[in-house]
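Please look over the sequence and the structure before reading on.

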Amino acid sequence: MGEALPPPGEAVELLRVHVGEAVTARLLSDRRGSRAWKIQGSRGAVALKANDPGDAASRDKAAEMAQEDEHLARLTEAGVLNPGYRVAAGSCEGGRWLAVRWVDGAPTWRAFALARGPEGDRPAVRSWLLGVARTWAAQLARMHAAGWAHADVQPTNTLITNTGGAVVVDYALACGPGNVPRLPYRGALTHTTAPEIADAVLSTTKDTHIQAEPPADVWGLGASLYWCWTGHRPVAYENDADRLDKLRAVAKGATLAVRDTRPWPFPEFEDAIAACLSPSPEDRPTVQALASVLTPAKGTS
Ligand SMILES: Nc1ncnc2c1ncn2[C@@H]1O[C@H](COP(=O)(O)OP(=O)(O)OP(=O)(O)O)[C@@H](O)[C@H]1O
Ligand SMILES: [Mg+2]
């Protein structure tokens, strides 16, 4: 396949039955100890993830990969995910792999390029932005209704299709109902971590599980929309600050005002983002309420 970082051979062999012959692999990401590829065959494509066997934290990542597989099974059982989403999983030399249905979409940051610039200030883009936020909220609403929080709502974990629909991926860290044994959740990407999660990370020991609740996803959604639309992360801290210092800043609950950083005025969208970023979880809207508020008024598209 001529890849500098080839996918695990065991996985590719097993995936042939799903994607057909003439398999090609394209590396999509290689960060924080895990890698993802698009595996394309004559009959279809899947997204394949595997832990990086050379990474020091690889054991944890392999365990996360196994945990995501369990989460996919539970979320499918609960009717949140389509049974066709999980394709296959297994172990390979150096760890674990997991394959899911290919979602044809762009990572959120890239999809927001037009909206972030001055040319975004037009009705079609306003309506597109509301649609993205609405479909993102609606996807999370299905998880929340089943008693789950995604717990890692951030721009790289959502893909935007060419019809402007948001599709949430990466269920590795999700927090579900019941006392099921799991890896302790200690927050995910700092920039999209809700203040109450930051506070819990700072005030508990490393092996304590923090159960993320739906309002933390709402904060993550607001932070992701803020970041991708304005080009700024919602909490002010230095780029090279230590993670714990960033979490201390997040835990205070203060964010930059969207009015001061927005590329152009869009009060309805700004208000929705600001509401998601309310410091107290109980002051944030539910994703169900957001999905209905963000429905574009007739004549705006
Ligand atoms: N089903 C999918 N269809 C298309 N692309 C996908 C799919 N799942 C993941 N990807 C792409 O692969 C990237 C990595 O996937 P994912 O976020 O699930 O892995 P990860 O190892 O948890 O990465 P990270 O730790 O950086 O979040 C995503 O950011 C996305 O661009
Ligand atoms: Mg991810």
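Lys 38 stands opposite Ala 47 in strand 3. Strands here are DSSP runs of E with at least two residues, helices are DSSP runs of H or I with at least four residues, and both are numbered from the N terminus. The model is predicted, so local features need pLDDT of at least 70 and side-chain atom pairs count only at pLDDT 80 or more, while totals for chains, interfaces and linings use all residues. Residues are numbered from 1 along each chain as its sequence is written, and chains are lettered from A and ligands numbered from 1 in the order in which they are written.

Strand 2 (residues 34-40) pairs with strand 3 (residues 45-51) in the antiparallel sense, over 7 bridges. Two strands count as paired if DSSP finds at least two bridges between them. Another bridge between these strands sets Arg 35 against Ala 50 of strand 3.

Strand 3 is mostly covered, with 6 of its 7 residues buried. A residue is called buried if 20 or more other C-beta atoms lie within 10 Å of its own, exposed if 12 or fewer do, and partly exposed in between, with C-beta atoms placed from the backbone.

Trp 37 is found in strand 2. Why is Trp 37 counted as buried? Trp 37 is buried because 27 other C-beta atoms lie within 10 Å. Leaving aside neighbours within four places in sequence, the contacts of Trp 37 are Pro 7, Ala 25, Arg 26, Leu 27, Leu 28 and Leu 48. Contact requires that the C-beta atoms of two residues, placed from the backbone, lie within 7 Å. Leu 5 is 32 residues from Trp 37 in sequence, and the C-alpha atoms of the two are 9.5 Å apart.

**Helices on the sheets**

Axes are lines fitted to C-alpha atoms, for helices over the stretch in contact, and angles run from 0 to 180 degrees between N-to-C directions.

An open sheet of 3 strands has the order 6-7-8, again with antiparallel pairing. Strand 6 (106-107) and strand 8 (166-168) are its edge strands, each pairing on one side only. Strand 6 pairs with strand 7 (residues 158-160) over 2 bridges in the antiparallel sense, and Pro 107 stands opposite Leu 159 in strand 7. Helix 5 (residues 123-145) lies across strand 7 and strand 8, at about 30° to strand 8.

**Helix pairs**

| Helix pair | Axes come within | Crossing angle |
|---|---|---|
| Helix 6 and helix 8 | 8 Å | roughly 135° |
| Helix 5 and helix 7 (residues 214-230) | 11 Å | roughly 165° |

The angle makes helix 5 roughly antiparallel to helix 7, whereas helix 6 and helix 8 are oblique to each other. Angles under 35 degrees count as roughly parallel, over 145 as roughly antiparallel, 65 to 115 as roughly perpendicular and the rest as oblique.

Residues of helix 5 that meet helix 7 include Trp 136 and Leu 140, and Leu 221 is one of those on the helix 7 side. In helix 6, Pro 195, Ala 198, Asp 199, Val 201 and Leu 202 meet Leu 244, Leu 247, Arg 248, Val 250 and Ala 251 in helix 8.

The buried residues of helix 8 (residues 243-251) are Leu 247, Val 250 and Ala 251. They cover an arc of only 95° around the axis, which puts them on the same side of helix 8; the arc is that of the directions from the helix axis to the C-beta atoms. Helix 6 (195-203) is included in what covers these buried residues. Just after helix 8, Gly 253 takes a positive phi of about 90°.
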